[in-house]
Amino acid sequence: MGAGELFLERMTRAEALAILSSPRIADAGSLVSGNVGAEPAATVKTPDDQLPVLPDDHGALRDMALACTRCRLSQGRTQVVFSDGPRDARLMVVGEAPGANEDSTGVPFVGAAGKYLDVLLSTVGLGREDTVYIANVLKCRPPGNRDPKPDEIEACSPYLKKQIELVRPEALLAVGSFAGKLLTGREKSSLGKLRGEVHSYLGVPLVVTYHPAALLRNPRWTRPFWEDLQLLRDVMDASRASK
Ligand code: SF4
């Protein structure tokens with residue numbers, strides 16, 4: 001039995017349910033306009049009304065994204081990186097944007113950081129192939145892996161919102177500050193402040209943690225990352241137990 005399983009073994013069902021009913025859980029409500037807790041709301045606006053109505057069919061939504069030219073990133077991409085994983089996934093991981101490997105393959109989280117993420121998720125019983133759906137805030141690679149720009153997030157985030165609505169996972173895991181700030185609506189909060197509590201987006205419990213690429217640069221963050229995965233797993237188990 002691994003350390004993660006031991007942790008869960010010690011947790012009672014009542015304790016798990018208490019996490020779900022905790023006042024720490026607050027729903028951001030919108031990808032960009034939510035205001036959780038005392039932190040200022042995000043300033044980035046999502047112009048959903050400027051997009052054609054997004055389809056309620058995953059394949060049609062993907063096709064729309066694959067042909068998308070809504071922002072400058074369409075000009076330098078090799079492939080649009082829409083998602084990976086089953087539509088009925090229990091967990092949805094939200095990252096930042098494709099890197100070079102993802103841009104060339106069209107699949108998110110396939111480089112060293114992605115493999116590390118797979119290993120860490122497996123330590124809490126979340127196998128990527130059958131349990132996890134992965135998508136990024138941006139579907140196209142920023143040149144040179146630079147940070148996403150606000151107008152790019154504004155243009156692309158409606159796709160992500162619709163993906164979350166369609167998949168309706170038991171929980172969301174935002175990796176990295178861009179995904180964490182966007183989904184919590186707390187643009188001014190540091191990643192450190194977003195970690196360690198259970199947020200909510202569209203009624204789906206949300207945990208924020210480091211990007212796996214950051215763990216490769218700073219191995220000392222692996223332990224807190226794993227602790228965030230424990231919190232995530234507790235929330236998912238509590239969600240199942242309450243149904
Ligand atoms: S990043 Fe998003 S909004 Fe920009 S072109 Fe790609 S799919 Fe469209």
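This is a short tour of the structure, stop by stop, with something to select at each one.

**Before you start**

You have a predicted model open, so keep in mind that local features need pLDDT of at least 70, side-chain atom pairs count only at pLDDT 80 or more, and totals for chains, interfaces and linings use all residues. Residues are numbered from 1 along each chain as its sequence is written, and side-chain values use heavy atoms, with hydrogens and water left out.

**Stop 1: the whole chain**

Show the cartoon. The protein chain has eleven helices and five strands; these are DSSP runs numbered from the N terminus, with helices being H or I of at least four residues and strands E of at least two. Of its 243 residues, 53% count as buried. Here buried means under 20% relative accessible area, exposed means over 50%, and partly exposed is in between, with a 1.4 Å probe and protein chains only. Among contacts between residues at least 6 apart in sequence, 74% join residues at least 24 apart; a contact means heavy atoms within 4.5 Å.

**Stop 2: the sheet**

Now colour the strands. They make an open sheet of five, in the order β2-β1-β3-β5-β4, with mixed pairing. Because β2 and β4 (199-201) stand at the edges with a single partner strand each, one side of each is left without a neighbour in the sheet. Neighbouring strands are turned by 30 degrees against each other on average, direction ignored; the axes are lines fitted to C-alpha atoms, for helices over the stretch in contact, and angles run from 0 to 180 degrees between N-to-C directions.

Two strands pair if DSSP finds at least two bridges between them. Walk across the sheet from β1:

- β1 and β3 are parallel, over four bridges. Pick Met92 to find its bridge partner in β3, Leu172.
- β3 and β5 are also parallel, joined by four bridges. Leu172 has Leu206 as its partner in β5, and Val175 has Thr209.
- β4 and β5 run antiparallel, with three bridges. Ser200 is partnered by Pro205 in β5.

Zoom in on the turn between β4 and β5: the two strands form a hairpin with two residues between them, and Leu202 in that turn has a positive phi of about 55 degrees.

**Stop 3**

**Stop 4: helix α5**

Select residues 112-122. In this helix Ala113, Gly114, Leu117, Leu120 and Leu121 are buried. They cover an arc of only 125 degrees around the axis, which puts them on the same side of α5; the arc is that of the directions from the helix axis to the C-beta atoms.

**Stop 5: Leu215**

Jump to Leu215, in helix α10. At 1% relative accessibility, this residue counts as buried. Leu117 is 98 residues away from Leu215 in sequence and 9.5 Å away in space, C-alpha to C-alpha. Leaving out residues up to four places away in sequence, Leu215 touches Tyr116, Leu120, Tyr210, Trp221, Thr222 and Phe225.

**Stop 6: the aromatic pair**

Stay here and show Tyr210 and Trp221. The structure holds one aromatic pair. The ring centres of Tyr210 and Trp221 are 4.6 Å apart and the planes are at 5 degrees, so the pair is stacked. For the cut-offs, rings of Phe, Tyr and Trp (its six-membered ring) pair if their centres lie within 6.5 Å, and planes under 30 degrees apart count as stacked, over 60 as edge-to-face and the rest as tilted.

Tyr210 sits in the loop between β5 (204-209) and α10 (212-217), while Trp221 is in the loop between α10 and α11 (222-241), eleven residues apart. Tyr210 is buried at 13% relative accessibility, whereas Trp221 is partly exposed at 23%.

**Last stop: Lys139 and Phe82**

Finish with Lys139, which lies over the face of Phe82 at 5.8 Å from the ring centre. A charge sits over a ring if NZ of Lys or CZ of Arg is within 6 Å of the ring centre and within 35 degrees of the ring normal.
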